[in-house]
Amino acid sequence: MAAGSWWLPVLMGACGLADPRPHAVASPVTSRAAMLPRCDAGPRPAAVATAVPFGLFSAAPTEFHALRAAGFTMVGPWYVPPPDRALLDAAHTEGLGVVYPLGYPHESWQRAHTIAWDEAQTRAEVGAMVDAVVDHPAIVAWYLGPEELRYWEPAEMAYLRVAAATIHARDPQRRPVLSYQANDRDAQQLAPVVRWLDIAAKGTYVNYAGHREARAWVEWSVEQLADASAHGQRQWLLPEMFEDPAGATDDDIAAWVRHDVLAGLVAGADGVLVYSGWRRPGFTRYDAYLDAYRGVATALGEHGLGAALLHARRCSSRQLRIVDGPSEVQFVAAGRAQTRASVHHVELVDADGHWDVLVNGTADTITVELTPPPGGAWVYGEAIIDGARLRLSPWAVAATHEP
């Protein structure tokens with residue numbers, strides 16, 4: 001594909017395959033295996049090599065080459081100033097897509113919590129913003145502002161409806177529209193907003209939201225997006241990179257990043273947009289975070305892991321048993337007590353073979369046993385392997401591939 005056109009099969013769902021990820025949410029502490037076919041049932045799906053959409057807010061053009069080399073596929077959005085055509089050209093030259101920001105100015109909305117545009121002005125202003133750049137091949141998605149529109153305000157939902165419809169009407173390629181919703185919003189609160197969007201997204205800032213020790217909150221977050229979405233609507237994970245975590249080592253940061261991205265993709269997200277690439281004052285751990293995200297982006301491109309998480313058929317042929325450590329993790333989200341399995345395990349089958357991916361969502365070391373044991377090589381993550389048993393350190397991920 002030409003640079004800038006990679007996004008069509010992923011963002012628009014045009015790959016011709018049915019969505020392999022069930023959106024129904026099982027009881028939080030029981031296996032989802034009963035919902036899935038056996039892994040040896042039927043032929044293997046055809047090969048799909050599409051990369052996971054993996055982006056970075058506010059990335060500097062000087063970082064574009066290194067980001068693409070590491071496996072990032074897109075950059076943006078930016079806040080102030082908005083990107084000019086030179087920035088779009090620079091991204092396109094490096095083979096990066098751009099998430100392009102437009103809409104009512106976020107800073108104006110924050111000051112007054114009122115959108116001063118009426119319907120006619122919304123169509124005119126947003127239409128002009130689209131027209132100015134709609135011909136540029138780097139743009140892969142439209143990021144509609146302001147952020148955190150209030151689902152309980154009819155005028156704000158009307159603005160969202162009109163603005164999204166205007167973008168679609170003025171863009172012959174009908175590139176997808178997304179916006180940002182707050183960390184703590186649940187499916188009921190997200191639904192009135194994401195109904196007007198093509199991609200459902202909300203903050204998944206685990207440490208910032210107070211879930212440092214119970215990172216299974218990522219799984220809960222993706223469930224909320226899926227439950228709020230229409231069938232086939234995409235969900236993007238927005239993980240954190242903007243504040244120093246107290247008392248954390250670089251190894252802690254790397255483990256958190258690996259966990260949060262893999263946990264989101266295992267739970268069903270199909271894109272990652274990291275907030276953010278701006279080197280904000282006082283953020284001393286920027287490079288530790290960026291190195292960690294680069295590592296994950298690279299790993300998703302290796303061995304076909306990212307493509308499998310997006311496109312492989314989810315299935316069930318193994319039983320997972322907790323040998324040592326907690327079987328559940330508990331936390332509070334959206335004002336309600338939540339319980340999830342401590343280890344999220346998913347099996348995948350694609351043209352290249354059979355995958356097992358495990359994610360430890362707790363701050364505990366957990367030993368698990370898979371029956372029958374995987375016969376392939378462990379290709380990503382961290383686990384101490386003893387036959388059929390694996391010891392997963394806090395927040396560890398591990399993936400095996402059997403051709």
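The legends below describe an overall view and several close-up views of one predicted model.

Residues are numbered from 1 along each chain as its sequence is written, and side-chain values use heavy atoms, with hydrogens and water left out. Because the model is predicted, local features need pLDDT of at least 70 and side-chain atom pairs count only at pLDDT 80 or more, while totals for chains, interfaces and linings use all residues.

**Figure 1. Overall view of the protein, with 11 helices and 19 strands.** Helices (H or I, at least four residues) and strands (E, at least two) are DSSP runs, numbered from the N terminus. Along the principal axes, the C-alpha atoms fill a box of roughly 65 × 45 × 40 Å. Of the 403 residues, 55% are buried. Here buried means under 20% relative accessible area, exposed means over 50%, and partly exposed is in between (1.4 Å probe, protein chains only). Among contacts with a separation of 6 or more, 72% are between residues 24 or more positions apart; a contact means heavy atoms within 4.5 Å.

**Figure 2. The disulfide between Cys 39 and Cys 315.** The structure holds 1 disulfide, a term used for a pair of cysteine sulfur atoms within 2.5 Å. The S to S distance between Cys 39 and Cys 315 is 2.1 Å. The pair links distant parts of the chain, 276 residues apart: Cys 39 is in the loop between α1 (7-11) and β1 (54-56), and Cys 315 is in strand β9 (residues 313-315). The disulfide is right-handed because the torsion about its S-S bond is about 90°. Cys 39 is buried, with a relative accessible area of 10%. Cys 315 is also buried, with a relative accessible area of 3%.

**Figure 3. Lys 202, a buried residue with no salt bridge.** Lys 202 sits in strand β6 (residues 199-204). The nearest side chain of opposite charge is that of Asp 184, 7.1 Å away. For charge, Lys and Arg count as positive and Asp and Glu as negative; His and the chain ends are not counted. A salt bridge requires a side-chain nitrogen of Lys or Arg within 4 Å of a carboxyl oxygen of Asp or Glu. A polar atom of the Lys 202 side chain lies 2.5 Å from the backbone oxygen of Asn 183. The side chains of Lys 202 and Ser 221 form a polar contact of 3.0 Å. A polar contact is a pair of N or O atoms within 3.5 Å; within protein, one must be able to donate a hydrogen and the other to accept it, and residues adjacent in sequence count only if both atoms are side-chain atoms. Leaving aside neighbours within four places in sequence, the residues in contact with Lys 202 include Tyr 180, Leu 190, Trp 217, Trp 220 and Trp 236.

**Figure 4. Pro 192 in helix α7 (residues 187-194).** Pro 192 is partly exposed, at 26% relative accessibility. Leaving aside neighbours within four places in sequence, Pro 192 is in contact with Tyr 151 and Met 157. Pro 192 and Ser 229 are 37 residues apart in sequence, and their C-alpha atoms are 9.7 Å apart in space.

**Figure 5. His 259 in helix α9 (residues 250-267).** His 259 is buried, with a relative accessible area of 1%. Leaving aside neighbours within four places in sequence, His 259 is in contact with Arg 215, Ala 216, Val 218, Val 359, Asn 360, Gly 361, Trp 395 and Val 397.

**Figure 6. The cis peptide bond between Tyr 275 and Ser 276, and that between Thr 371 and Pro 372.** For Tyr 275 and Ser 276, omega is about 0°. Ser 276 lies in the loop between β8 (272-274) and α10 (286-301). For Thr 371 and Pro 372, omega is about -10°. Pro 372 lies in the loop between β15 (366-371) and β16 (377-381).

**Figure 7. Positive phi at Ser 58 and at His 113.** Ser 58 is not a glycine, yet has a phi of about 50°. Ser 58 is in the loop between β1 and α2 (64-70) and is buried, with a relative accessible area of 14%. His 113, also not a glycine, has a positive phi of about 50°. His 113 lies in the loop between α4 (106-112) and α5 (119-133) and is partly exposed, with a relative accessible area of 37%.
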